Amino acid sequence: MISKEQIAEEYKQIQDEICSALEQLDGQSSFVEEIWNREGGGGGRTRVIQNGNILEKGGVNFSAVHGKLPDSVKRGLKVEQDDFFAAGVSIVMHPNHPMVPIIHMNIRYFEMPSAIKDGKPLRWFGGGIDLTPHYVFEDDARFFHGSLKSVCDQYHPDFHHRFKTWADDYFFIKHRNETRGIGGIFYDRLTASDDISWEDIFEFSKSVGRTFAPVYTELVNRSRHKPYNEQQQQWQYQRRSRYAEFNLVYDAGTKFGLETNGRIESILMSLPPTAQWLYNYQPEPGSDEQKTLDLLKKGISWA
């Protein structure tokens, strides 16, 4: 049986690998690390990069926390017990270039040793990667989704279809009737079954984590030298505002962090450095901005 300590150590290694790759990609700025301890149990390593050559603001955070769940979370999980352990790596990158996309990744593990379900302690893996382009380039979207499909197909023939659909539904801004970006994959409460072992689920989790750096490096390098104007920069700030709305209103990780007395700076690391909310902004019909909005829909088959 995989131990929580082994999972945490592997996740820390993935954090190290990703930070190294992103510093090389940016070529100018480096991550600043803060080690923190959580009141109640555990802690983490927050790493933030700012004002880089291409990465305006980003974070690659690791946490491994334990303790007692608040009543609100217990009700949501439908459990009476309150002891828990959670570990994960969470990433958000906000580039300074409107042609380069925002990207988010999360891999995580959760267990409640005293909560028994079907004779076994409650435990699961979750995670995913999703892309939020300021401008949707269809070749990039196909590359991104194709890369994720390749990872999913290594572990289960059903994973990509299930997890892409889940991402479309999860990363949806209901009050705007649009998706946050072009989706990706998202999964939660993934447990061992007759089809897949705990060891294979853990390997899948690590593969998702290690897909991040090569995929994002390719996407950044495709667009980082494209010219852009002030209007396109303003559109970037508009799209960032949608990102902020989703994270503050709907994101489950943000809610869990706040409800379990998480570290506020790490939780809100995902917010962009600059965003704009222009009143009733409408893009010009037929513009690149309108074309992007037209592609922020569920159910588009990119891979």
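Helices, meaning H or I runs of at least four residues, and strands, meaning E runs of at least two, are DSSP runs numbered from the N terminus. By that assignment, Lys206 lies in helix H5, residues 198-223.

Two remarks on provenance before I continue. This is a predicted model, in which local features need pLDDT of at least 70 and side-chain atom pairs count only at pLDDT 80 or more, while totals for chains, interfaces and linings use all residues. Residues are numbered from 1 along each chain as its sequence is written, and side-chain values use heavy atoms, with hydrogens and water left out.

Let me turn to the overall fold. The protein contains nine helices and nine strands. Its C-alpha trace spans about 60 × 40 × 35 Å along the principal axes. The radius of gyration, taken over C-alpha atoms, is compared with a globule rule of 2.2 Å times the number of residues to the power 0.38. For 303 residues a compact globule would have a value near 19 Å, and the protein, at 19 Å, agrees.

Contact here means heavy atoms within 4.5 Å. Of the contacts between residues at least 6 apart in sequence, 71% join residues at least 24 apart.

As to accessibility, buried means under 20% relative accessible area, exposed over 50%, and partly exposed in between, with a 1.4 Å probe and protein chains only. On that scale, 54% of the 303 residues count as buried.

I now return to Lys206. Is this residue buried or exposed? Lys206 counts as buried, because its relative accessibility is 8%. Leaving aside residues up to four places away in sequence, Lys206 touches Glu10 and Ile14. A polar contact is a pair of N or O atoms within 3.5 Å; within protein, one must be able to donate a hydrogen and the other to accept it, and residues adjacent in sequence count only if both atoms are side-chain atoms.

With Arg47, the Glu33 side chain makes a polar contact to the side chain, at 2.7 Å. Finally, Glu33 and Phe202 are separated by 169 residues in sequence and by 26 Å in space, C-alpha to C-alpha.
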